[in-house]
Amino acid sequence: MKSKSSMFWGLILIVVGVLFLGNNLNWWDVDIFFDGWWSLFIIIPSIYGLFDGTSRGGSFISLTVGVLLLLAAQDIINYGMIWKILVPIIIIVIGLSLIFNNGKKKKMDKNAKEYIAVFSGVDENIKELVSDFKAISVFGSVELDLRKAKIDKDIYIEAVTIFGGIDIKLPDNVKLQVSGIPIFGGVENKYKDEEGNATITIHYTCVFGGIDLL
């Protein structure tokens, strides 16, 4: 069965092709390149993200940005209004995401180890991983190498990055589960091997930041 993503973009390309064909054959006269047409490159993927369900908060904010840019290009609002509308919406979405995602987060041990970088960097090679931990980056970077760590039980990792970055290099032969809240940021999952007895669960919050899983 074809993936939802392939079907979605396939339908978009078919619609665009039909519009071009109709214009070329004088069946209709549709101006595809209207003022602000480029905002569709933000709006369309955001709409897909809303229905895909993987990152609805980030998709909603991206959709809001796209719509506001389109309205500004159409002279319905001025560009100065965009941030006045967008900032409160971002705050509201983050609040709602934290509330509704709270149930998905695991309660961590109060003694869980924390790797924190605030306007700085943390680079750790972890050879022994016996409990859950947190990785927090605020205007900084956290690099954690778990490739040589022996993991014989499930591990939960809470990753938070705000205007920063987190790189986590994972060991072979573990199952990986990822969920979280992307706000103008996100996770790039490059981890290939997802077979094993132990499971690493990563719950993330990315605000203008990024997380790489390697």
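Residues are numbered from 1 along each chain as its sequence is written. In this predicted model, local features need pLDDT of at least 70 and side-chain atom pairs count only at pLDDT 80 or more, while totals for chains, interfaces and linings use all residues, and side-chain values use heavy atoms, with hydrogens and water left out.

**Salt bridges**

The structure holds 3 salt bridges (a side-chain nitrogen of Lys or Arg within 4 Å of a carboxyl oxygen of Asp or Glu).

| Salt bridge | N to O distance |
|---|---|
| Glutamate 114 and lysine 134 | 3.9 Å |
| Aspartate 145 and arginine 147 | 2.7 Å |
| Glutamate 188 and lysine 190 | 3.8 Å |

Strands (E, at least two residues) and helices (H or I, at least four) are DSSP runs, numbered from the N terminus.

Exposure is given as relative accessible area (buried under 20%, exposed over 50%, partly exposed in between, with a 1.4 Å probe and protein chains only). Glutamate 114 is partly exposed at 41%, and lysine 134 is partly exposed at 24%. Glutamate 188, at 43%, is partly exposed, as is lysine 190 at 38%. Aspartate 145 is buried, with a value of 14%.

**Strand pairing**

Two strands pair if DSSP finds at least two bridges between them. Strand E4 (residues 141-145) runs parallel to strand E6 (residues 165-169), and 5 bridges join them. Serine 141 has glycine 165 of E6 as its bridge partner. E6 also pairs with strand E10 (residues 210-213), in the parallel sense and over 4 bridges. Here aspartate 167 is partnered by aspartate 212 in E10.

**The second largest pocket**

A pocket is an open set of points on a 1 Å grid over the protein atoms alone, where a 1.4 Å probe fits, with protein on both sides within 12 Å along at least five of seven lines; lining residues have an atom within 4 Å of a point. The second largest pocket holds about 430 Å³ of space, a volume being the space filled by probe spheres set on the points.

Its lining has 17 residues, and Ile12, Val16, Ile32, Leu40 and Ile44 lie nearest the centre. Helix H1 (4-24) and helix H2 (40-52) are the elements that give two or more residues to this lining. H1 gives the most, with 7 residues. The lining divides into 16 nonpolar residues, no polar and 1 charged (Ala, Val, Leu, Ile, Met, Phe, Trp, Tyr, Cys and Pro count as nonpolar, Asp, Glu, Lys and Arg as charged, and the others, Gly among them, as polar).
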